[in-house]
Amino acid sequence: MSPGIAATAVTSHETETLSTLLSLATLRDPNAHAISYYCSSEPFPDKTHTHKLTTLDHLLRRVTTDGPTGPDYLTFTNDLTHVVTLGEKTSLNSPRFRAIFACGSQDIWQEVTLPALVSECSLEIDRFFRLAPLLRAIQSCEPHCLVLTEHGKARILMVRGQEIEEIETPLPPIDFRPKSVPGFSHHIEGNLRERSKAFIHDLIVKIQHVMQEHNCKHLVIGCRKDLWSELSPQFHKAKLSAMIAGHFHLPSFEISRGEALSESHAVMAKDRERFYKTFWEKVQEEPRQFALGVNSVLNHLESGRVLQLLLGNLVEAHVSECADCQAWAIEERTLCSTCGGARVARVPAEELILRKALSTDVEIFAPEQATAKQFGQVAALLRY
Ligand SMILES: [Zn+2]
C-alpha cells in the first residue's frame, strides 16, 4: 500500500487542507515576516508544553525589541502577538494538532486544525512558511477502515488520525450456537457453514460499500486468529487483499473505541514502515531509477523527472538559498553565485525540497520523524 499524498487518496476534508498546503507553498515574503506556528499539545508532557510557551514568549519579546524593521514591521509584530496569544490559549486538554500561518504584508492568516498524530510545537519566522510538519499531519490523518468481527457479528469503523467513528451495524447478528436436534447434526453443521459463508459475503459487500463511500484505500481487520484463516481467502477472492494493511487479534468484540484505535494505528504504522523499507531497498537495488541525497533530488525536481519523493532523515540538512533569484547551493555561502546578491540564508533542505515538489506533480511520502530517522536522507523515484 502506498501512504503518499495524492488528492485521490484523501477525503474532502483532507483535500481542503491539501489545497491550503499547496497555496501556502507559493508564498514568498521578501521581508521574511512569514510566521509558522505549530502546536500539538497532547503528545507533549505538560512540562514540555509549558516550556514551549515560555520559549514563544521569549521569542516574541526578542523579536519585538531587536527584530527586523521596515514598512510592514507593525503588521508583523501584530501578527506575532496574535499568534502567541492564540498559542497560549490553546487548551492543554485539546488533543488536536493546530497550526497558524500568518503574513500580514501579504494578507495571509490561515489556521489549520487536524486530528493528527504528529508531535510538533514550534514557531518559525522566515521568507517562507514551514510546511513539512503540516504535510506529516495531513498524511497521518489519511482515513482507514477498521473492521472488528467474530462469528456472526461485525462492527465497521472509520479511523482518521485520532478520530474513530462507528459507521453502522452492517448486519443483524447471527446465532451460530448449535441447537441440539437428534439425528440432524450433519444437516445443522452444513447449514451453519452456509450461513457463515453468507455472513462473510454480506460483510465484504458492506466493507466495499463503506470504503468506496469514504474514499478510503486502507483496511485493518480485528478478529480471533481462527476466524482470520476463514476470512482471509474470502477477502482475497473479493480482491480486497491489496487494501489490507494488516490484522490483529481481537480479544473481545466489545473492545472500547480507544483500544480499537490503538490496535489499528499499530497495524497501520507497521504497514507504512514496510512500505518505506521497501522503497529504500529499491533505491539500493536499482540506483539508476532513483535520485539520492539533497543535491541530486533538488536537481531532479527542477528538471521535472521526479515521480515519487520519500523524505527521510533531513533534520540536520540545510542549503543556502538566495532571496533575490532563488538560486540554491549545498555549501554555506555569503554571496549568491548566480546574481551576486548578499541576501543568502541557510534554510532547512526539507522545506526547499518540499516547496519544489509541491509545485510539480510529485507524489510525496513524509514519514513522521521517528520513522524517517531509521532510513536515509531523501530519495526520489525518477520518471525515466
Ligand atoms: Zn541570487
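**Cores and a helix pair**

The chain has 10 helices and 16 strands. Keep in mind that this is a predicted model. There are 384 residues, and 36% of them count as buried. Now the contacts. Take those in the chain with a separation of 6 or more: 73% are between residues 24 or more positions apart.

On to the cores. The largest nonpolar core holds 65 residues. Which residues have the most contacts inside it? They are Leu 131, Leu 135, Leu 309, Ile 353 and Ala 357. At least three residues of this core come from domain 1 (1-141), and at least three from domain 3 (286-384). As background, nonpolar side chains in soluble globular proteins tend to be buried together.

Look at Leu 131 next. Leave out its neighbours within four places in sequence. Leu 131 then contacts Leu 21, Leu 24 and Ala 25, and also Glu 351 and Leu 354.

Last, a helix pair. H8 covers residues 294-302, and H9 covers residues 349-358. How do H8 and H9 pack? The angle is about 20 degrees, and the axes are 10 Å apart. Angles under 35 degrees count as roughly parallel, so H8 and H9 are roughly parallel to each other. Their crossing is left-handed.

Who meets whom? From H8 come Val 294, Val 297, Leu 298, Leu 301 and Glu 302. They meet Ala 349, Leu 352, Ile 353, Lys 356 and Ala 357 in H9.

Terms used
Residues are numbered from 1 along each chain as its sequence is written. This is a predicted model: local features need pLDDT of at least 70, side-chain atom pairs count only at pLDDT 80 or more; totals for chains, interfaces and linings use all residues. Helices (H or I, at least four residues) and strands (E, at least two) are DSSP runs, numbered from the N terminus. A residue is buried if 20 or more other C-beta atoms lie within 10 Å of its own, exposed if 12 or fewer, and partly exposed in between; C-beta atoms are placed from the backbone. Two residues are in contact if their C-beta atoms, placed from the backbone, lie within 7 Å. A nonpolar core is a set of buried Ala, Val, Leu, Ile, Met, Phe, Trp, Tyr and Cys residues joined through C-beta atoms within 7 Å. Domain bounds come from an automatic or database domain assignment. Axes are lines fitted to C-alpha atoms, for helices over the stretch in contact, and angles run from 0 to 180 degrees between N-to-C directions. Angles under 35 degrees count as roughly parallel, over 145 as roughly antiparallel, 65 to 115 as roughly perpendicular and the rest as oblique. A crossing is left-handed if the near helix is turned anticlockwise from the far one by less than a right angle, and right-handed if clockwise.
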